[in-house]
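This briefing is meant to be read alongside the sequence and the three-dimensional view. Please keep both at hand while going through the points.

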Amino acid sequence: GSSGAAGSGGTNQEPCAGAVYCDDFDAYAAPGNPGGQWMTSIAYSGNMNGMVSVDETHAYSGGKSVHFKTPGNTSFEHAFISLQGAPYFPVADNVLYGRMMVYVTQLPGNTVHWTMIQGLGTMVPGFPALNEAVYRYGGQINGDQLMANYDTKPMSSDCAQRATTKMPKSKWTCVEWRFDGKLKELDFWMDGTQNQALSVRQKANNTGVCQNKAWEGTWEPPTFNAIGIGFQHYQQGPGELWIDDFAIDTEKLGCPPVSASAK
């Protein structure tokens with residue numbers, strides 16, 4: 001399908017037709033960075049080891065998706081694309097829903113923490129000493145136990161809440177999320193089913209902790225001004241995935257129609 005009202009009509013119609021932003025990545029040249037409003041970042045903490053490219057190897061709809069890869073040789077490798085500021089942000093009530101199709105082929109092992117979705121902002125209401133807060137979904141522990149994560153700068157809070165759920169590999173998975181800056185909540189869905197273990201209500205439940213014990217535990221939301229997707233890890237360990245059919249909105253979007261052309 002194409003951006004906007006794609007699909008075959010009826011109940012199978014692309015649900016993101018009226019979304020804040022919707023992209024199937026088919027309009028961009030392969031190989032190369034996605035165009036349009038996307039900002040591509042392969043640098044984090046000075047490392048330039050990430051790789052981002054529009055790619056025809058895997059696609060859920062149409063013929064292209066975006067390929068993200070980090071070799072894992074050093075810590076803090078980063079391969080992300082992001083939408084920042086106007087016209088997408090700020091969002092109504094500071095509540096951000098998102099949806100994307102993900103095809104994972106490699107995740108780091110051991111206890112390496114990694115991220116595939118992050119919503120961030122540089123203003124944290126009530127906390128003038130902070131210049132960034134971020135809501136994230138990714139994983140840890142043997143590479144594929146999914147995890148919600150919260151962190152701040154310059155003082156790091158580094159809070160986590162984990163699930164025993166693994167990220168499927170070598171297949172397309174529909175991932176949805178809710179970052180609610182009004183209620184200070186996060187939610188995560190996989191193939192339409194909510195993962196209750198990854199629902200955060202103000203602070204992590206008893207399976208979660210903040211690495212910084214000085215932080216009282218509330219996941220204080222930023223005023224969201226950017227959304228980033230891709231792959232990033234914080235210790236050493238490789239990762240590789242493809243993303244297609246991305247959308248953000250102020251309400252839950254649902255998964256895209258079943259695609260006969262998925263590869």
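Predicted model: local features only at pLDDT ≥ 70, side-chain atom pairs only at ≥ 80, totals over all residues.

A residue is called buried here when its relative accessible area is under 20%, exposed when that area is over 50%, and partly exposed in between. By that cut-off Cys 159, with a relative accessible area of 0%, is buried.

**The chain as a whole**

- The protein chain holds 17 strands and zero helices, and its radius of gyration of 17 Å is close to the 18 Å that the globule rule gives for 263 residues, so the chain is as compact as a globular protein of that length.
- Taken along the principal axes, the box filled by the C-alpha atoms is roughly 50 × 40 × 30 Å.
- Of the 263 residues in the protein chain, 56% are buried, while the accessible surface comes to about 10500 Å², with 51% of it belonging to carbon and sulfur atoms.
- When contacts between residues at least 6 apart in sequence are considered, 68% of them join residues that are at least 24 apart.

**The eight-stranded sheet**

- Eight strands make up an open sheet with antiparallel pairing, and their order is S2-S5-S16-S7-S8-S9-S10-S15.
- The edges of this sheet are strand S2 (39–41) and strand S15 (209–210), each of which pairs on one side only.
- Within the sheet, strand S7 (residues 114–121) pairs with strand S8 (residues 132–140) in the antiparallel sense, over seven bridges.

- Thr 115 lies in strand S7, where it stands opposite Gly 138 of S8.
- Because its relative accessibility is 0%, Thr 115 counts as buried.
- Beyond its neighbours within four places in sequence, Thr 115 is in contact with Phe 80, Arg 136, Tyr 137, Gly 138, Gly 230, Phe 231, Gln 232 and Tyr 234.
- One of these residues, Arg 136, is 21 residues from Thr 115 in sequence, with 6.7 Å between the two C-alpha atoms.
- Another, Tyr 234, is joined to Thr 115 by a side-chain to side-chain polar contact of 2.7 Å.

**The disulfide of Cys 159 and Cys 210**

- The disulfide count for the model comes to two, and one of them joins Cys 159 to Cys 210 with an S to S distance of 2.0 Å.
- This pair links distant parts of the chain, since Cys 159 is in strand S10 (residues 159–166) and Cys 210 is in strand S15, 51 residues apart.
- The link of Cys 159 and Cys 210 is right-handed, with 100° about the S-S bond.
- Cys 210 has a relative accessible area of 11% and is therefore buried, and Cys 159 is likewise buried, at 0%.

**The disulfide of Cys 174 and Cys 255**

- Cys 174 and Cys 255 also form a disulfide, in which the sulfur atoms are 2.1 Å apart.
- Distant parts of the chain are linked by this pair, with Cys 174 in strand S11 (residues 172–180) and Cys 255 in the segment after strand S17 (239–249), 81 residues apart.
- The link of Cys 174 and Cys 255 is left-handed, with -100° about the S-S bond.
- Cys 174 is buried, with a relative accessible area of 2%, whereas Cys 255, at 28% relative accessibility, counts as partly exposed.

Terms used
Residues numbered from 1 in each chain as written. Heavy atoms only, no water. Pairing = 2+ DSSP bridges. Helix = DSSP H or I, 4+ residues; strand = E, 2+ residues; numbered from the N terminus. Buried < 20%, exposed > 50% of the residue type's maximum accessible area, 1.4 Å probe, protein only. Contact = heavy atoms within 4.5 Å. Polar contact = N/O pair within 3.5 Å; in protein donor to acceptor, adjacent residues only side chain to side chain. Rg over C-alpha atoms; globule rule 2.2 N^0.38 Å. Areas by Shrake-Rupley, 256 points an atom, 1.4 Å probe, with all protein chains shown as cover. Disulfide = S-S within 2.5 Å.
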